[in-house]
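Reader: I have a model open and want to learn how to read it. Can we take the features one by one?

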Amino acid sequence: MKKLIYCILNILLPLACSYDTLIREPETLVMETTLTVKVPGGGFSAGTRALDPGDEHKIETIDVLVFSKDALNNETFSYRAPATLITGTISDKSFKVEVIPDENNDQQFVIFANAAGVIGSLNFAGKTKTEAIDMVVMTQSGAWNVTNPGFTPLPMWGESDYRRITNQASSATTVELLRALARIDVQVATAAQASFTLTGVSLLNSSGAGRLAPALLNWNRTEKKVSAPSRPMGGWVPTSTICNYPVPDGKSLIRSIYTFEAPVATDNISTTTPSLV
């Protein structure tokens, strides 16, 4: 008989079902642990902006994929863990997650926020971690919707350290989320603002598809940093759509341009990589 442990996720800043969702059995053992998740921060304090920090950090859905690692360090998908919202605000949310204890193998939580439509359409059964992460790709045509109210929440990703989940109470775990989209902020230097007015910004050749998590080869687990852009399955897809952004204050455009990551152009004129004019 399988046993379940309940994990509490405290998110600083809800759930879908699929082919491989955990199936709950009767007479389960219920225990609690705490998982703290931090959202990306930073940014300018002033200027024209479409989203405020609360919007940028908003979480509408959360999906938890659980991976197991054996004695040979083989990482494989195990199951999807149902998550239930307990309480919280935009900047601080708590979730209860059902997980299956495993006395023999370490487990890891991989968390995707605001990506329920993508995660729910995928079947991860039998996949290695590399294969599973590579599958999580989102498509987008044109500019990301930052109209407020009604904006599209930004997808985020994060992973916990591996740990042994047993029938005993476990210690708290912290997971830092990374925004899956690149944010491009534009600001006129203070010294130039008297003689130069920024009326608009245009983004060309933005990618129509992007990964929601970096390729494992480009992810430094120790430093929690990405070393290079990660190509989505099928490659980067430059779009012909030109995304135009007005700058009402003539000085800066903050938290308005979001796009999938892509390689930087190697010359001044490029028709295949993103360009900002």
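Reader: Where is asparagine 114 found?

Author: First, a caution: this is a predicted model. Asparagine 114 sits in the loop between strand 8 and helix 2.

Reader: What is the value of phi at asparagine 114?

Author: Start with the general idea. Most residues other than glycine have a negative phi. Asparagine 114 has a phi near 60°, a positive value in a residue other than glycine.

Reader: Is asparagine 114 buried or exposed?

Author: Buried means under 20% relative accessible area. Asparagine 114 has 11% relative accessibility, so it counts as buried.

Reader: What is the phi of arginine 255?

Author: Arginine 255 has a positive phi of about 55°, although it is not a glycine. Its place is in strand 20. The relative accessibility of arginine 255 is 3%, so this residue counts as buried.

Reader: Now the overall picture. How many helices and strands are in the protein chain?

Author: The protein chain has three helices and 21 strands. Of its 277 residues, 47% are buried. The chain exposes about 13,500 Å². Carbon and sulfur atoms supply 52% of that area.

Reader: How do I read strand pairing?

Author: Strands of a sheet pair through backbone hydrogen bonds, either parallel or antiparallel. Take strand 4 and strand 5: they run antiparallel and are joined by six bridges. Valine 66 has tyrosine 79 in strand 5 as its bridge partner.

Reader: How many residues lie between strand 4 and strand 5 in the hairpin?

Author: Five residues lie between them. Asparagine 73, in the turn, has a positive phi of about 65°.

Reader: How many residues of strand 5 are buried?

Author: Five of the seven residues of strand 5 (residues 75–81) are buried, so this strand is largely enclosed by the rest of the structure.

Reader: What is the order of strands in the open sheet of three strands?

Author: The order is 19-15-21, with antiparallel pairing. Strand 19 (243–246) and strand 21 (275–276) are the edge strands, as each pairs on one side only. Strand 15 (residues 200–204) pairs with strand 19 over four bridges, in the antiparallel sense. At residue level, serine 202 has asparagine 244 in strand 19 as its bridge partner.

Reader: Next, cores. Which residues have the most contacts inside the largest nonpolar core?

Author: The general idea first. In soluble globular proteins, nonpolar side chains tend to be buried together. In this model, the largest nonpolar core has 27 residues. Leu65, Phe112, Phe124 and Val136 have the most contacts inside it.

Reader: Which elements each supply at least two residues of this core?

Author: They are strand 4 (62–69), strand 8 (106–113), helix 2 (116–120), helix 3 (129–135) and strand 20 (252–260). Helix 3 gives the most, with three residues. Another core lies apart from this one, with 19 residues, among them Val97, Ile165, Val175 and Leu177.

Reader: What is leucine 65 in contact with, leaving aside its neighbours within four places in sequence?

Author: With that exclusion, the contacts of leucine 65 include Phe77, Tyr79, Phe109, Phe112 and Phe124. Arg80 and Gln108 are also among them.

Reader: Where does alanine 132 lie?

Author: Alanine 132 lies in helix 3. Its relative accessibility is 1%, so alanine 132 counts as buried. Leaving aside neighbours within four places in sequence, it is in contact with Phe67, Phe124 and Lys127.

Reader: How do I read separation along the chain against separation in space?

Author: Put the two values side by side. Alanine 132 and phenylalanine 77 are 55 residues apart along the chain, and their C-alpha atoms are separated by 7.3 Å. Aspartate 52 and isoleucine 254 are 202 residues apart in sequence and 9.2 Å apart in space, C-alpha to C-alpha.

Reader: Where is aspartate 52 found?

Author: Aspartate 52 is in the loop between strand 3 (48–49) and helix 1 (53–56). At 37% relative accessibility, aspartate 52 counts as partly exposed.

Reader: Last feature. What is the volume of the largest cavity?

Author: The volume is about 70 Å³. The largest cavity is lined by 13 residues, and the closest to its centre are Gln140, Gly142, Tyr258, Thr259 and Phe260. Strand 19 and strand 20 are the elements that give two or more residues to this lining. Strand 20 provides the largest share, three residues.

Methods
Residues numbered from 1 in each chain as written. Predicted model: local features only at pLDDT ≥ 70, side-chain atom pairs only at ≥ 80, totals over all residues. Heavy atoms only, no water. Pairing = 2+ DSSP bridges. Buried < 20%, exposed > 50% of the residue type's maximum accessible area, 1.4 Å probe, protein only. Areas by Shrake-Rupley, 256 points an atom, 1.4 Å probe, with all protein chains shown as cover. Core = buried A, V, L, I, M, F, W, Y, C linked by side-chain atoms within 4.5 Å. Contact = heavy atoms within 4.5 Å. 1 Å grid on protein atoms, 1.4 Å probe; cavity = no way out; pocket = protein on both sides within 12 Å on 5 of 7 lines; lining within 4 Å. Points joined across faces, edges and corners; volume = space filled by probe spheres on them.
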